[in-house]
Amino acid sequence: MRGPAFGSYAPDEVAWLLTDLSGVALEAPTEEREEAVQQGGAHYSESLPQEYQPDAEYLRLYRDALAAGASRIAQAVATVAELVLAERGRDVVLVSLARAGTPVGVLLRRWAAHAHGLDLPHYAVSIVRGRGIDRQALRHLAAHHDPARVVFVDGWTGKGTIARELAGALAEHERDTGVRFHPGLAVLADPGRCATTFGTRADWLIASACLNSTVSGLVSRTVLNPRLLAPGQYHGAKFYRELAPADVSHDFLDAVNARFADVTATAPPADRTADFAGRAAVDRIVERYGVGDAHLVKPGVGETTRVLLRRVPWRVLVRPDAPAADLAHVRLLARRRDVPVEEVPGLPYNCIGLIHPRFTRGADGAAGWAAVPA
């Protein structure tokens, strides 16, 4: 599917390998979803969170973050794009992991056109933690392109869960079909140190992380619900046409695109070792705070933002010397949801979001622990 029939991106910017579920009521209150997921009654991919609609104050923070960060995003886009082209060839096929990866995929495509006159294919596909990548999408890619030319793209890394999910799913696909896709993930920011193709390892704010569908082509997070999708169908997503007046997807792309001319150097980072140091830091947080499950610890600015927008947050940990501008929206969201913000010296990330452990709707956010009903 392509815009404008599905999504607000131009038709040549991205092809969505998804099933259109726009007519299905999938949204549920955040607390209801959290309780169902944590008590084992549902997988997070089977429903959707209600889309956060920012007010004027939050939108101002987003615009300030974009204005301040467009140049460094452009630099990171150029750096990772040049790495991809140098190592994987000028005929690569960009495949972004919907939806956080999709704006990045569009920007990589735009850089390739800007700097090299290339017209790269770009697809968006679904990957779901614990359930793998969309096999039907892989079949489509293999039928239309050389799998060796496919490069998977995402926005940032946290503790490396999606990088591992991708590598495992592609290895399983190769065992089952004999078709090999390169398992490497190209990202703008790799604070978790779990990718070798990245633009930066600094944990700074990528402005698109501040918003949801309205900065991602008006497309929802992906859905994998067996009650709605038959075998052989792509994973699903919704197109929120009704949010068109609030759509800033093109504004985001154009703001970064306008800074391409300012990029002067695209030398690859000196140290590209993937040592998954971020996951080790998360394990220490799990033990220190007794949350019991690493999935409840979301490191980095982007992941912390997601916790505050989509989950039931327990607390936010911030590094005392983190740049204030990168955390302004995090502090605002935490204040509005009455979530404690705790300064922790020595964090390897600017911030870490902790999801409420063992959540039930009667939980006391300040105390942290919820009584699980007998």
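With which residue does Asp283 form a salt bridge? Select Asp283 and Arg279 in this predicted model: the two form a salt bridge in which the closest N and O atoms are 3.0 Å apart. Both residues lie in helix α7 (residues 277–289), where they are four residues apart, about one turn of the helix. Asp283 is partly exposed, with a relative accessible area of 37%, and Arg279 is partly exposed as well, at 25%.

Now zoom out to the whole chain, which has nine helices and 16 strands, and whose C-alpha trace spans about 55 × 45 × 40 Å along its principal axes. Buried residues make up 56% of the 374 residues, and 24 salt bridges are counted.

Next, select Arg110 and Asp254, which form a salt bridge with the closest N and O atoms 3.0 Å apart. This pair links distant parts of the chain, with Arg110 in helix α3 and Asp254 in helix α6 (residues 249–257), 144 residues apart. Arg110 counts as buried at 15% relative accessibility, whereas Asp254, at 42%, counts as partly exposed.

Finally, select Asp12 and Arg109, a salt bridge whose closest N and O atoms are 4.0 Å apart. Asp12 lies in the segment before β1 (15–16) and Arg109 in helix α3 (residues 101–116), so the pair ties together parts that are 97 residues apart in sequence. Asp12 is partly exposed, with a relative accessible area of 46%, while Arg109 counts as buried at 10%.

Note on methods
Residues are numbered from 1 along each chain as its sequence is written. This is a predicted model: local features need pLDDT of at least 70, side-chain atom pairs count only at pLDDT 80 or more; totals for chains, interfaces and linings use all residues. Side-chain values use heavy atoms; hydrogens and water are left out. Helices (H or I, at least four residues) and strands (E, at least two) are DSSP runs, numbered from the N terminus. Buried means under 20% relative accessible area, exposed over 50%, partly exposed in between (1.4 Å probe, protein chains only). A salt bridge is a side-chain nitrogen of Lys or Arg within 4 Å of a carboxyl oxygen of Asp or Glu.
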